[in-house]
Amino acid sequence: MKNCLICEQSVGAYHKILEITDYAGTQNFSIMECPACRILKTDPIPDDLGTLYEDSAFDKPQGEFHHFLKGILIRREIKRIVTATHSKGFLDMGSGHGNFSENLHKLGYSAVATDSHLQRPYYIRSIPQIPYKHFDYNKMLIEDPACVQNRTVVLRHVLEHIRDPKAFLQKFISWGAAYFYIAVPNAQSLERLIFREHNAFWHPPFHIWHYHKASMEKLLNSSGLEVIRSGHDTIPSVLLQLDFYTKRKKSPPWVRNMLFNPVANLCAMPLNILFPNNVLWVIARVK
Ligand SMILES: [Zn+2]
């Protein structure tokens, strides 16, 4: 019998619950479920994950309005973490464009950014006080493990991409992490039920694991962490879902032109209220 990587129960094989395809609709994947903890997993996953991310450099800006809105949401998340942990130092793992580190620095906190790209992220290029360290996701090695010591490790939209999330978390614990802040797509959100196989958050093969609150807690507990706060956020997803749906259904260009223009984008904004709680967040401390 095989043990589930997340809950460590001896479960044998995961059950297939859904057939999905990638964004282009050319490659088939399965969504598998652990009968014990109900974690969902994409199958199969390519051996070399590094090549999937080669095109996603974060050295260009995202647009001023987007950057402004992201800043508001990020500062709300920082307040949430500091209230629970009283942390002053953060490791922004999977720093992307550098928005989170940028906001930490502006609020007076110590930030270290880390990601797989060699180029410094765009929004911290002019902030030399924020060290940028390289992370190798295949080998799970950070350029300078000492920089993790006593920090809160920020994992926003990272853990769903990691092949072995338990080994990944335990690396950071072994390097001296104090707390973790984790945000992932919520596998129990309403849009998963409505869009089913067309749901944009499956995002194969990039998203490997699909968590809900209970399976995330099982993973953290068995990794040596204790959950101290958790909750849900809502991020705008209506256009993302329509993009995936029309792409998979091979909708004619006029349908996509009608849906994806600045006026339609603005009109779609209030519809996001129909799809709440599509992100799960957790704050955990090392036991
Ligand atoms: Zn399990």
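Guide: Before the helices, one term: angles run from 0 to 180 degrees between N-to-C directions, and axes are lines fitted to C-alpha atoms. This is a predicted model.

Visitor: At about what angle to β5 does helix α2 run?
Guide: Helix α2 covers residues 99-106 and lies across β4, β5 and β8. Strand β5 spans residues 110-115. The angle between α2 and β5 is about 170 degrees.

Visitor: Which strands are the edge strands of the open sheet?
Guide: The sheet has eight strands with mixed pairing, in the order β7-β6-β5-β4-β8-β9-β12-β11. An edge strand here pairs on one side only. The two are β7 (141-142) and β11 (225-233).

Visitor: Which helix packs on the sheet and touches β11?
Guide: The helix in question also touches β4, β8, β9 and β12. Its direction makes about 150 degrees with that of β11. It spans residues 64-85 and is α1.

Visitor: Which residue in β12 stands opposite F180?
Guide: Strand β9 (residues 179-185) pairs with β12 (residues 279-286) in the antiparallel sense, over seven bridges. Opposite F180 stands A284.

Visitor: How many residues does the largest nonpolar core have?
Guide: Residues with the most contacts inside this core are L155, L159, F168, F172 and M216. Leaving aside neighbours within four places in sequence, L155 is in contact with residues including M93, F168 and F180. At least two core residues come from each of β4, β8, α3, β9, α5 and β12. A second, separate core has 20 residues, while the largest has 42.

Visitor: Is F135 buried or exposed?
Guide: The cut-off for buried is under 20% relative accessible area. F135 has 1% relative accessibility, whereas Y137 has 29% and is partly exposed. F135 therefore counts as buried.

Visitor: Why is the pair of F135 and F168 classed as it is?
Guide: The ring centres of F135 and F168 are 5.9 Å apart, and centres within 6.5 Å make a pair. Planes over 60 degrees apart count as edge-to-face. F135 lies in strand β6 and F168 in helix α3, 33 residues apart. The planes stand at 75 degrees, so the pair is edge-to-face.

Visitor: Which rings are linked into a cluster with F135 and F168?
Guide: F135 also pairs with Y137, at 5.1 Å centre to centre and 65 degrees between the planes. Ring pairs join F135 and F168 in a cluster with Y137, F172 and W175.

Visitor: Over which ring does the charged end of R192 sit?
Guide: The charged end of R192 is 4.6 Å from the centre of that ring. The ring belongs to W202.

Notes:
Residues are numbered from 1 along each chain as its sequence is written. This is a predicted model: local features need pLDDT of at least 70, side-chain atom pairs count only at pLDDT 80 or more; totals for chains, interfaces and linings use all residues. Side-chain values use heavy atoms; hydrogens and water are left out. Two strands pair if DSSP finds at least two bridges between them. Helices (H or I, at least four residues) and strands (E, at least two) are DSSP runs, numbered from the N terminus. Contact means heavy atoms within 4.5 Å. A nonpolar core is a set of buried Ala, Val, Leu, Ile, Met, Phe, Trp, Tyr and Cys residues joined through side-chain atoms within 4.5 Å. Buried means under 20% relative accessible area, exposed over 50%, partly exposed in between (1.4 Å probe, protein chains only). Rings of Phe, Tyr and Trp (its six-membered ring) pair if their centres lie within 6.5 Å; planes under 30 degrees apart count as stacked, over 60 as edge-to-face and the rest as tilted. A charge sits over a ring if NZ of Lys or CZ of Arg is within 6 Å of the ring centre and within 35 degrees of the ring normal.
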